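Dear colleague,

Here is the structure you will be working on. My notes on its aromatic rings and on one of its helices follow below.

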Amino acid sequence: MFEFTKRRSRWVLGVFAVLAVVLGALGATLFERVEGGGYTDPDSESGRALTVLRDEFGQSPPNLLLLVETESSVEDPESTAAATALVANLQERPGVTDVASYWTTHQPALRSVDGKQGLIVASVLGTEREIDDRVATIADELSGTHGTLQVRAGGFAMLMHETVEQGKADIAKGEAIAFPLTLIALLFVFGGLVAASLPLLVAFLTVVTTMGALWVLTLFTPLSVSATNVATLLGLGLAIDYSLLIVNRYRDELSEGRTPAGAVATTLRTAGRTVAFSALTVAVALAGLLFFPLLAIRSMGYAGIVVAALAATVSLTVLPATLLLLGTRIDKGQMGWWFLRAPRPAPGEGAWHKLATAVMRRPIPIGLAVTALLLILGAPFLGVQLGFPDERSLPASMPSRQVTEIVQADFGESDQNPLVAVLPESAYSAAGVDAIARQMSDLAHVRRVDTATGSYAQGGLLAGPTAANARFRADRAVYLSIVPTTTESAALADLVGQVRAVETPSELLVGGVPAANVDSIGAIEDALPWALGFVVIVMLIVLFALTGSVVLPVLAVVLSALSLTATFGALVWIFQDGHLSGLLGFTVTGDLAATVPVMLFAAAFGLAMDYQVFLLSRIREEYDRTGKNDTAVALGLERVGRIVSAAAVLISVVFLGFLASDITFMKAFGIGLPLAVIVDATLVRGFLLPAAMKVLGDANWYAPEFLRRLHDRWGLDEGGAGRSLSHDVPVRDPLGVTTGRPVADAEPLVNDPLARAEAARAEEGLAAAGRESTD
């Protein structure tokens, strides 16, 4: 790759410039192709119920509400005429069925207690994209003033539409916050405008090309709007992460006297391979999301794989080509000193080396104490209550939320979000349907059951059938509409179970929003073991290819998972229990969106493994050089610690852009991802990793003989210490020691007297620590 980039650096930049223009143009229309929602399982019982309802009856559960407010009374002739005109307008629209209102049915549930408000209820049919388009048109044309009436649109379909629109605005807001903050942070890290601008260049190309690639992906599979959130913020974070590693290594190589070409060659051989491995671990973690049937989760998986691949590709092609063209001018515009450009301390004297040495003096008590702390912080997650976002996840200014809250407060009864019980292949029997309806109407939390034989309540017939009841019957199918008395999630979930337990003469399919939520949580729980199994197994294989050990991959997976405990505990403590709700500006719902832990685990686990790759690759390099476990741990942590710390801070700044969102479950990412990264970069990397590797000792590097032979033949590494891709490049060992010997004459660095002297100084600190511990 280096030789090609060296010869064709301008050509590489030109190709990516064209790709950025083409894919950027496609990506600009990505929002027109993605779907809102995606939080239901189409193959579940509730999904099949909706399919039968649509195909056999041409209907769906009511998903659109128009709240009509009058100045005097809904019985006023002028109000009645205007409202009736609205009903007629809806009935004439394609894809809109089952329109009902107080003015056409005179049902008490459709009129407010004070008589000044009335409801128009309708079902909007189609795919999620078609429903979104139709609801957007209806809301745009019918909301507002109509004579003496004020109209606002609400309902589940409007909630999904506003969630998509708010997501678009939040992405723009997040980018507007993240880019300037990141640039400021990069200026401090690199101390110069030219070097600081390179990660943002890579980030821009990554995000633009990812958006275009996702547009192309929509030609083959549907995608949810959640994919765009991942493409933007994760793309920005990973691109900056990888650029930081590469640019810093390149500047280090220049400072050791290498030519720009030699510096790029060594950077690609070392940091470049680490970036490739890191991107692979992130992609593997997010690929686990493809096991879930929910489109929103799968879309995040697709986007994660694409963005990790493109972030690495741009970092390993465009960035090296740019570095070759800049040469030593990368330090142009220096603005001062910062910790990454500070004089590197002598081996054994750095802060991270001292921390590792201190931890390895008493690894067991320190390791147990940090583990206990993480488990305590994660304890709130034991009481997690999973649910799905409702109108309260949106800001109070949203019409869908306002309509729902007004209906709950001002209407004595509400027919929002009913359950539907479909008997898809049942010969119609009035007596049979009557018996089922009576039984269902007598269940707890049921206000009314409507079906072909009439309306039922508390186990008895409330009203006989009218012409309107004919819609509940088809040639060989019948369905019942079950109106609940509650909007509380746990009670609705219990009601779904009770309705499904009712004995019927043929198959019974229960659908509706409450049933879809129950089925979606069940689908997540069913897919979770398969997803975790895939991620863990593939991650172990990837890390074995990197380290040649069967112990270190297991240790890395365990530590990365442990680093997430505090994050999950914080999610429950903040978003479910409601602590900090005033500060963060969200409404407490008493549960946690079921998709948040799954999505956050994939992203955060991938990033934790990302940093584990950074560390283990350098520790392995030191172990190959010295053959001593403790020395390798301390020196590896010392050499890569500053880079990973800066990367963690920068990617946390990017993820804080999620906090700018006005959607509650997006704020959860703004808290969870930075917290996971910071915990991993401090407690896990600084304490647990050196403690565990000290206890395991040389067993860290164990592998059965047949696997060792396999790794020797097929395993990947960073090219080996002391090897160079160019004969005119001085040989630099991992400690920063530079020799003038060309590659052909280079001896292994372990036999280099100067390198041995440097290593001996580092080992003195470890030996002193051991003596102190013994004393």
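Y39 and F665 are both buried. Keep in mind that the model is predicted. The search of the whole structure gave 10 aromatic pairs, and the rings of Y39 and F665 make up one that is edge-to-face, because their planes stand at 70° with the centres 6.2 Å apart. Y39 belongs to the loop between helix 2 (9-27) and helix 3 (45-57), while F665 is part of helix 23 (residues 664-696), so this pair ties together parts that lie 626 residues apart in sequence. Ring pairs also bring in F388, giving a cluster of Y39, F388 and F665.

A stacked pair is formed by F601 and F605, with 10° between the planes and 5.2 Å from centre to centre. Both residues are in helix 21 (residues 595-626), and because they are four residues apart there, about one helical turn separates them. An α-helix has 3.6 residues a turn, so residues three or four places apart point the same way.

Two charged residues sit over rings. R33 lies over the face of W215, 4.7 Å from the ring centre. R685 has its charged end over the ring of W352, at 4.4 Å from the centre of that ring.

The remaining notes concern helix 13. This helix runs over residues 363-378, which is 16 residues; at 1.5 Å a residue it should span 22 Å, and this agrees with the 22 Å between its end C-alpha atoms. Which residues of helix 13 are buried? They are P363, G367, V370, L374 and G378. These residues cover an arc of only 75° around the axis, so they are on the same side of helix 13. The face turned away from that buried side carries I364, L368 and I376, which are exposed.

What covers the buried residues of helix 13? The cover includes helix 12 (351-361), helix 18 (551-562), helix 19 (565-576) and helix 23.

Regards

How values were computed
Residues numbered from 1 in each chain as written. Predicted model: local features only at pLDDT ≥ 70, side-chain atom pairs only at ≥ 80, totals over all residues. Heavy atoms only, no water. Phe/Tyr/Trp six-rings, centres within 6.5 Å; stacked < 30°, edge-to-face > 60°. Helix = DSSP H or I, 4+ residues; strand = E, 2+ residues; numbered from the N terminus. Buried < 20%, exposed > 50% of the residue type's maximum accessible area, 1.4 Å probe, protein only. Lys NZ or Arg CZ within 6 Å of the ring centre and 35° of its normal. Expected span 1.5 Å × (residues − 1). Arc of directions from axis to C-beta. Contact = heavy atoms within 4.5 Å.
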